[in-house]
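Reader: I would like to go through this model term by term. Please set each value against its definition.

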There are 2 protein chains.
Amino acid sequence: MSKSELSSIVETSSDTAQLISTDDASTSNCAQLNNLSTDQNEDDEIQGSHGVRRRQPVQKIEPGSLNILSAKYESLDYDTCENHLLLDEERKRGYTFVVWKDIARWFIVLLIGVITALIAFTIDICIEEFSNIKYKQLKKSVDKYILLDKLYIPYLLWVLTNISIVFIGSMLVAYVEPVAAGSGIPQVKCYLNGVKVPRVVRIKTLFVKSVGVITAVVGGLAGGKEGPMIHSGAVVAAGISQGKSTTFNKDFKVFEYFREDHEKRDFVSGGAAAGVAAAFGAPIGGVLFSLEEGTSFWNQALTWRTFFGTVVATFTLNFALSAYHGHPGDLNYSGLLNLGKMEPFSFQFYELPVFILFGVIGGLLGALWNHINYKLAIFRIRYISSPWLRVVEACLVAAVTATCGFLMMFLLNDCRPLGEDPTKVPLQLFCADGEYNALAAIWFQTPEASVRSFLHDPLGSYKPVSLLVFVLSYFLLSTWTFGVAVSSGLFIPNLLTGAAWGRLLAIVIQYMLPSSNINPAKYALVGAAAQLGGVVRMTISLTVIIIETTGQISNALPVIITLVVAKWTGDFFNEGIYDIHIQLAGVPILPWEPPPLTHNIYASEVMSHPVFTLRTVENVGHIVEILKLVSYNGFPVVDPPLIDEAEVPTYKRLRGMILRSQLIVLIQNKIYNENANTTWSNLNVDMNMFRKEYPRYPSIDELDILDWEKTCTIDLRPFMNPSPYTLPHRASLPRLFRLFRALGLRHLPIVNDVNEVVGMVTRKDIARYRVWRHHCHMGMEELLLSSEI
Amino acid sequence: MSKSELSSIVETSSDTAQLISTDDASTSNCAQLNNLSTDQNEDDEIQGSHGVRRRQPVQKIEPGSLNILSAKYESLDYDTCENHLLLDEERKRGYTFVVWKDIARWFIVLLIGVITALIAFTIDICIEEFSNIKYKQLKKSVDKYILLDKLYIPYLLWVLTNISIVFIGSMLVAYVEPVAAGSGIPQVKCYLNGVKVPRVVRIKTLFVKSVGVITAVVGGLAGGKEGPMIHSGAVVAAGISQGKSTTFNKDFKVFEYFREDHEKRDFVSGGAAAGVAAAFGAPIGGVLFSLEEGTSFWNQALTWRTFFGTVVATFTLNFALSAYHGHPGDLNYSGLLNLGKMEPFSFQFYELPVFILFGVIGGLLGALWNHINYKLAIFRIRYISSPWLRVVEACLVAAVTATCGFLMMFLLNDCRPLGEDPTKVPLQLFCADGEYNALAAIWFQTPEASVRSFLHDPLGSYKPVSLLVFVLSYFLLSTWTFGVAVSSGLFIPNLLTGAAWGRLLAIVIQYMLPSSNINPAKYALVGAAAQLGGVVRMTISLTVIIIETTGQISNALPVIITLVVAKWTGDFFNEGIYDIHIQLAGVPILPWEPPPLTHNIYASEVMSHPVFTLRTVENVGHIVEILKLVSYNGFPVVDPPLIDEAEVPTYKRLRGMILRSQLIVLIQNKIYNENANTTWSNLNVDMNMFRKEYPRYPSIDELDILDWEKTCTIDLRPFMNPSPYTLPHRASLPRLFRLFRALGLRHLPIVNDVNEVVGMVTRKDIARYRVWRHHCHMGMEELLLSSEI
């Protein structure tokens, strides 16, 4: 079959392929077909070579819509290809190898835990040391120029310091590795869900992320280091478990048998958990984070290993930090808790309404925070698209943040007596001698230290008006900061905002009920939980994290109640912030459940067709043509047509599935039938041949294929997956969905009553059907597929 | 086709059905076929009617083998039958119904939480009050008769009290509801894994369990109340969510749409979690217990609801208990923690080896405990089978326990000064005035209170020799007690044993390192965790439970390390106690992963065949015959044979699957084509017709089928599942396993290349292949299937 013939098939059949709901039918058929459900090969190749070539928009898509799926994301593949090579390997290696592989897994998890913790420790210490230097210098400057009445000098110094520090991180993020922007949690979440986010687990990303987060926090932005640490854990896991690095182009030739999507995903989920453990000192919270965010099919052995990894990470971090703080080996030293050790607080049954009220406020504020951030994100997508504009925005945020801080310190003269000062650099400013400015104390330290201050300072430490102004400005600053081109998370800023309004409410309650004895710590903690819960909408993992970072289980019940109410309230208005950003990026993430009431949508409507099939023994020229023509990643292998020998593709009986990557490796190594006795009898044709190139296989255009090769044939049967999961064309969408979600599939051939392939379903075909909920209403919508975003 | 012809098919084809590894080929073919992979209909029907009739042993099976699967367990079915009725219902009800159903779910979970907590509260209070009365009376008797030198009188009183109390509970368990024996956790675990354990979630079971556990603990046995409370939660959940009770034969006509295996399973997992929360006051631990033990496919919405349920249960229990203890509404009252509020203890890096040592000891002792218990269980299966013998054994245990306690008090004169006495009934015995007997203090209270004593008493409270004797005797008593015919768990006895040897080791360490300042509480807690971890081999849920019941997160790290090491050490020798008991019962539980190195086992070897199929429009007489002849539960529906009209069954193209229960309901309601305009035009043929009978459908023998009916036909197409999951005959065992496990299937038709049914796979076919590990070796074994156990 010639290329032009193949193309004509594409042309003629694309009119039957009206699978997506588009109002604009005037676009080219070919482009439309390519936009439908291509499951593209390689993440990196997307901007170059064969991928983009034929992509055109289906219709004018407004950037920043939530109703679009991007065509650029690939799916991970958790299904095992049970071909002859695998059987050979199993036979050869036996049970000893199974045991050995298991031991290797534990060893890798140990390494992941240690390295993740050391990275987190380094970030921690850099932030602490650099911040200390910065604020000490600023204090000196303030103390000096206040006497000269030239406060604009320290102000300018502050602004310039912040801008120049943030500039470094922002340049790295904008020009070196844009995927390192933000907290990284949405990206990790997508990865664990089964979507390959380009470059998200590279060493380069790790480097940019680590430097970026240090500059962001030292630069005084309203951002935290926790999200980036979680992302770092994921990168470390992916790197170590694969025994090679793309960034350094180095293959250590170890752990080759873990080079498949399934194993890698398991390690990345362990790495993310270790990241949480290192970020918060929360081993149990880490496991729960992975469970809550990542799993479709969970496994007890995996829980075990993940738990081991988080324990190792916590232990390593605690040991390093205790040594740094001068208590080497004292793992109980309370300075190891991020939020400081809380005292247990008593609570009564009648306080239940108060906690519910806090939850409602947190939910409302969280939903508002998300809404503002969403609008800003759309604005950014539309108008701040070039890297230099993004850098400028980051510097602007840095300047405004410093200005806010300065104005607050300058205008709100909140003086407190020295002595129980919660800061390392108490600033006198306009206060009387022996006093310090309470707001300067909050601003002249890292946000994390400020959360500790709000949680632990006694009731009268701050004026209500200071708190009110602080809440307002920090709320807006933090929602503006999350999304600019720096690496920073949202945990700490939201905890800080929440702790501030919790403390404010404590003062209000104390004022209304003067006889009561209000514990500000309790309300600050509950407020912090409510605010963060309202923004991220996690439940059980967040509860455990908060409990573990404050070292108090007896405060669990109020925190839990508040979080549950905050989630309910927030969900009434919009989704969690991570989900919003995932939707904005158009990632085809699969929810937990199939959309309801879709049993009347059939596989025949969902699938894409026609299908490009290969014969069990196929001509190399034909394979190359098909690979160049379409960008699909999986091809059904069929029996050669028995009756109809015409050159038009008829439906044929399914015999197996072969992947683009496998075909590429076969051609690359010239495993042709005609070569069987010459070239490749010297080759060791086994699983390692395929593993070597994982995960970035060359594109078909990069291969040198000589003319004589095109006349050769390849027997695909030893390499294909002989029994892929299939579904009949009359299967319903929920059935497709469950199979896909539970087994982590990438391709699903749809067959008719006599087992002939009639279509293919990929992740995007299913992710297009999404349920929406708004207030008490719900319904279903079909998303558009676009290659633009 | 007549019955005899059908039977002849069974005879002729059974020689091809040599699926199980049996050495004895001389047994009847027919019996063999029936033993292969029947997925029997109804749990309760098993002893009567059609089930047992044809069952004979394949070979002489030694009772108590671990290598046998019992044929009596059915599988739950989580796959949705997407027939026309479901589509009709979806269309009619729309999104409002989806929202409403969701609200109903939350409401049910709220009810489950409250009721589970109230039951737990009642059990708690009964145990506390009755124990108090018992020990106060005994103390009076001791104090009186010691002066008269007639100590045998209080001894006899003690023994007789114990025996008579235990007798009540044991009679209930042995004669009324044997499934209520033990802790109930293995049964709940099986249920969550997808195995229908007969009568395990009945109200009658709940009643026997509740009364049984009170008698067991008040009767002084070495048992705890926690397992039974978890089981209670599961029963409550099953009862409430179904809106009907079989025990009382009452249908409340509510929540009918939750009458399916999938929904019921979700509620039961929530109920078990609420049970953990109520038993330990551990809301997070409860969720984790369900996650760790039960889930195959976990779901965020379900996690949420489960979490809500556990919080409600904890809250309700705390409120009730705080009121009972005279601190109404004070939810922070530390008496609410089962194990008492621990103080945070400091630990150093160099203590790491000590914790590892504790873990190793715990693992060794746990493995030994499991081994002894396993041997005892086999002895029981072989020789203590009749109910009255079981009652006698229970009474014997009660007598021996009392005797042990008495001898220890009598012989080890461990006197301590009064004042800081940890018991409500300090006993002077032979001690000097102003002193009490420390061992009597441990024995004259509930085991839970004794754990508290060991955890909280100061270092010098017990003599080393007392502790040693106590550990030895309680270790043996508890392993003997777990498995006798009473309802009691093993958490508390193992915590008690562990706390005792932990405390003993603390004394040893103090002796060896006199300069150190040993905190006995720390070592007692770590010892308790190690012992329990060595026996049950849970990880993350157990960690959280221990943390939550002691109210101290800062002790988490040593507990975690110890638990991990204990599990590793224990797993080197045998499996966790629950798994041992599940294997002894021959439950076809599916592990988390398919056995390794089984890609070369194909579906065609695993499946059972020949398959009994039905045509799309089938004769009632034929259906009835098939239902009476075989005990399969699922029947493939096939196209009528197109070419071959002979009366022999040929392989036919798969069109759908229909369940025995659906056929029964169709016949029961006489939904015949011939009746379409007369009888059933008045009937409302919808999903509720099928739900009404769930989960106990009548057997085919119970139906009155008149002769004229047998000539009628039923169109199965609107009722069958039109697109069941299938796999080709060349699919491998791991592939079968994953599909089965991830989607919770009950039946899986195996098809050939042209989609004709060639076999059926059920849970038992897969569960037969099991991996064994012993020390560092592993391998695969095939279990026998038997209807004997």
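Author: Start with contact: two residues are in contact if their C-beta atoms, placed from the backbone, lie within 7 Å. By that test A:Leu736 touches A:Ala603, A:Val606, A:Leu727, A:Ala731, A:Leu748, A:Val761 and A:Ile766, leaving out residues up to four places away in sequence. This is a predicted model: local features need pLDDT of at least 70, side-chain atom pairs count only at pLDDT 80 or more, and totals for chains, interfaces and linings use all residues. Residues are numbered from 1 along each chain as its sequence is written, while chains are lettered from A and ligands numbered from 1 in the order in which they are written.

Reader: What makes A:Leu736 and B:Leu736 stand out in the largest nonpolar core?

Author: They touch the most other members among its 439 residues. Such a core is a set of buried Ala, Val, Leu, Ile, Met, Phe, Trp, Tyr and Cys residues joined through C-beta atoms within 7 Å. Buried means 20 or more other C-beta atoms within 10 Å of the residue's own (exposed: 12 or fewer; partly exposed: in between), with C-beta atoms placed from the backbone.

Reader: Why is the relation of chain B to chain A called a two-fold axis?

Author: A rotation of 180 degrees with 0.0 Å of shift along its axis superposes chain B on chain A, at RMSD 0.0 Å. That is the relation of a two-fold axis. In chain B, the C-alpha nearest the axis belongs to B:Val754, at 2.4 Å.

Reader: How do you know that the copies meet through the same surface?

Author: 100% of the interface residues of chain B are also interface residues in chain A, so the surface is the same. In contact are 77 residues of chain B with 78 residues of chain A. H11(B) gives the most to chain B's side, 10 residues. Helices here are DSSP runs (H or I, at least four residues) and strands are too (E, at least two), numbered from the N terminus.

Reader: Why are S8 and S11 of chain A said to stand at the edges?

Author: The open sheet has the order S8-S10-S11 (chain A), with mixed pairing. Strand S8 (614-615) and strand S11 (654-659) each have a single partner strand, so one side of each lacks a neighbour in the sheet.

Reader: What makes S10 and S11 of chain A a pair?

Author: Pairing needs at least two DSSP bridges between the strands. Five bridges join S10(A) to S11(A), and these strands run antiparallel. A:Gly634 stands opposite A:Leu659 in S11(A).

Terms used
Least-squares fit on C-alpha atoms with pLDDT ≥ 70 in both.
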